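Q: I would like to learn how to read a few features of a structural model. Where should we begin?

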Amino acid sequence: MRWVRRLYDWVLSFAESPYGTWALFAIAVAESSFFPIPPDVLLIALAVGAPRRALFFALVTTAGSVLGAGIGYWIGYQFFELLGRPIVEFYQMEEQFQSVQQLYRDYDAMAVGIAGFTPIPYKVFTLAAGVFQLNLPIFFLASLISRGLRFFLIGLLILYFGPHIQRFIDRYFNLLAVLFTVLLIGGFLLIKYVIN
C-alpha cells in the first residue's frame, strides 16, 4: 500500500501549488470514476489554507465530482468491458459491484445518494449506474445532492471553525457520514410512510 501513501502525498502537494484549485477539480473528476484518493484530502488542505474560500473550494469539488460521475456512468454504459471491468478488478470490488445492482433495484436514487455522501467507493456506483442503466436525470440529481452535501459540509465546518476543525474532520468524518446516512435513510422512509 506504499503507492497509495505516495499518491496521497502527491495529492496533498497541490495545496501549496498555484494550480491547487485546478488540481482539486481534476482529482474530483477522476475520483468519481477511477482514482483512489478522495478529493476531500485536497479540499480540506486548501480550505484550511484559505478558510474564506472554503465554500468556493466545495463548489469546485462538487462540480468536478458530478462531472466525474457522468464519466463513470458513460464508461459503465459504453465501455464496461474495455475500461470499467479493469477498474473494478483493480480495486478488487467484483463482489461489491454485483451487490450494487440489487441496491439500485431496491433503492434507486437513495443508493446513489448514500454512496455519494459516505466513504463507500463512489466509482463503483457510477460505473454500475451506467452498466445497469439507472435513470440518468435521477442519477445526476442524486449525485449533485449527495456530493454537494458532503463537500459543503466540510467547507462550512472549516469556514466557521477554522483550521482547528481539520483534526476533527480527519478523525471523525466516517462516523459523521454514517450518522448523516442514518438520518438520510430515516428521512426517505418517513417521506415514503407519509406519502403512502
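Q: Which residues make the nonpolar surface patch?
A: L55, L156, L159, Y160 and F161 make the patch, which covers about 490 Å².

Q: Is F161 buried or exposed?
A: Exposed means over 50% relative accessible area. F161, found in helix α9, counts as exposed because its relative accessibility is 53%.

Q: How many salt bridges does a search of the whole structure find?
A: Side chains of opposite charge can pair when their charged atoms come close. Here the search finds 3 salt bridges.

Q: What does R147 form a salt bridge with?
A: R147 pairs with E31, with the closest N and O atoms 2.6 Å apart. R147 lies in helix α9 and E31 in helix α2 (residues 20-31), so the pair ties together parts that are 116 residues apart in sequence. Both R147 and E31 are buried.

Q: What about R150 and D40?
A: R150 and D40 form a salt bridge, their closest N and O atoms being 2.9 Å apart. This pair links distant parts of the chain, with R150 in helix α9 and D40 in helix α3 (residues 40-49), 110 residues apart. Both R150 and D40 are buried.

Q: Where is confidence lowest in the chain?
A: Where pLDDT is low, the predicted coordinates should not be read in detail. In this chain, confidence is lowest in helix α10 (residues 165-195), at a mean of 59. The mean pLDDT of the chain is 82.

Note on methods:
Residues are numbered from 1 along each chain as its sequence is written. This is a predicted model: local features need pLDDT of at least 70, side-chain atom pairs count only at pLDDT 80 or more; totals for chains, interfaces and linings use all residues. Side-chain values use heavy atoms; hydrogens and water are left out. Patches are made of residues with over 30% relative accessible area and no salt bridge: like charges are joined within 9 Å, nonpolar side chains (Val, Leu, Ile, Met, Phe, Trp, Tyr) within 5 Å. Accessible areas come from the Shrake-Rupley method with a 1.4 Å probe; for residues, only the protein chains shown count as cover. A salt bridge is a side-chain nitrogen of Lys or Arg within 4 Å of a carboxyl oxygen of Asp or Glu. Helices (H or I, at least four residues) and strands (E, at least two) are DSSP runs, numbered from the N terminus. Buried means under 20% relative accessible area, exposed over 50%, partly exposed in between (1.4 Å probe, protein chains only). pLDDT is the predictor's confidence in each residue, from 0 to 100.
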